[in-house]
Amino acid sequence: MKKNFYFFAASLFIAFCGACSQDDGEVYNLDGRVYFYEQKKQGNDYVAVTSKSYSFALQNSALMEDTLRIKVRLMGYVVDYDRTFSADIVSDGTTAVEGTHYKLLPGVLKAGTYESYLPVILYRTADTKDHTVSLNLRLSADAELPAGVDDRVDFSLEWGDILTKPDNWPYYFGVYNVNKYRFAIDVLGLYDWPQAGRETAGKEEGVYTISELQRFCTQLNDAYAQYRAQYGPIYNDDDAEVKTEIYFAPDK
């Protein structure tokens, strides 16, 4: 009886291993492929992201190009050598001009890794001060690592150089205008200034106390005095008949 039991158990084990090998082969014995892997948290779950936007207006005005990286992930086994992948331009809906507004580069998946990025160099151009441009991409089927999951091979980018009033323009900065905002971004390296309440004062990074906002005003006015001495005035409204210079203080 015991002998029969051992024989039966061994048979089950061999059959199970055979089934696992077959299943694993179906899942893992695939040629390597890639798909876009951008995602964001929504509630308790993560959902796919299929587009990104970017504004040069939120960067220092001396920055003339920047690289936006779109995350990709591997389907299949990692290997011990680097592999490349790329994307094609989908003309439908694309308004950006290659060489003028952007440069599309190939991506590299490093040896032994599952994730990488597709790099796109964005250029700051005069025409994007008036409107944004868009670029629609699709992972290439002809690359060394071709496109994988059908619903994760397309991605869209939109960018420009347009400033809009931030959600948190401090009272202590005075009346908002684009020229003041541009100057504040260049000097402080910040583009939004949420004010701390009693519960968050001094506790949350990126949330500013009244004292910090007032110190920013002093820093901005000092920086403007130096700028003006070298380059001349900046006005609140370049088109106004009577021009007034920018100043950071309440009701100014």
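The model is predicted: local features need pLDDT of at least 70, side-chain atom pairs count only at pLDDT 80 or more, and totals for chains, interfaces and linings use all residues. Residues are numbered from 1 along each chain as its sequence is written, and side-chain values use heavy atoms, with hydrogens and water left out. A search of the whole structure gives nine salt bridges. A salt bridge here is a side-chain nitrogen of Lys or Arg within 4 Å of a carboxyl oxygen of Asp or Glu.

**Salt bridges between strands**

Strands (E, at least two residues) and helices (H or I, at least four residues) are DSSP runs, numbered from the N terminus. Buried means under 20% relative accessible area, exposed means over 50%, and partly exposed lies in between (1.4 Å probe, protein chains only).

- D154 and R138 form a salt bridge, with the closest N and O atoms 2.5 Å apart. D154 lies in strand β12 (residues 154-160) and R138 in strand β11 (residues 133-139), so this pair ties together parts 16 residues apart in sequence.
- D154 is partly exposed at 32% relative accessibility. R138 is partly exposed too, at 39%.
- Salt bridges with shared partners join K71, R73 and E115 into one network.
- E115 bridges to K71, where the closest N and O atoms are 3.9 Å apart. E115 lies in strand β10 (residues 115-123) and K71 in strand β5 (residues 65-75), so the pair ties together parts 44 residues apart in sequence.
- E115 also meets R73 in a salt bridge, at 2.6 Å from N to O. R73 is in strand β5 and E115 in strand β10, and this pair links distant parts of the chain, 42 residues apart.
- E115 is partly exposed at 35% relative accessibility. K71 is partly exposed at 23%, and R73 is partly exposed at 25%.

Two strands pair if DSSP finds at least two bridges between them.

- Four strands form an open sheet in the order β1-β5-β10-β8, with antiparallel pairing.
- Its edge strands are β1 (33-36) and β8 (102-104), each of which pairs on one side only.
- From one strand to the next, the twist averages 35°. Axes are lines fitted to C-alpha atoms, for helices over the stretch in contact, and angles run from 0 to 180 degrees between N-to-C directions.
- Strands β5 and β10 pair in the antiparallel sense over nine bridges.
- K71 has Y117 as its bridge partner in β10.

Lys and Arg count as positive and Asp and Glu as negative, while His and the chain ends are not counted. Contact means heavy atoms within 4.5 Å.

- R83 sits in strand β6 (residues 83-85).
- R83 is buried but has no salt bridge. The nearest side chain of opposite charge, E144, is 5.8 Å away.
- A polar atom of the R83 side chain lies 3.2 Å from the backbone oxygen of Y77.
- Leaving out residues up to four places away in sequence, R83 touches G32, L74, Y77, V78, G107, V108, L109, E144 and L145.

**Helix α2**

- In helix α2 (residues 178-188), the buried residues are K180, Y181, R182, F183, A184, I185 and L188.
- Helix α3 (210-231) is among the parts that cover these buried residues.
- At the start of α2, a side-chain oxygen of N177 comes to within 3.1 Å of the backbone nitrogen of N179.
- G189 follows α2 and has a positive phi, near 70°.

Conventions
A polar contact is a pair of N or O atoms within 3.5 Å; within protein, one must be able to donate a hydrogen and the other to accept it, and residues adjacent in sequence count only if both atoms are side-chain atoms.
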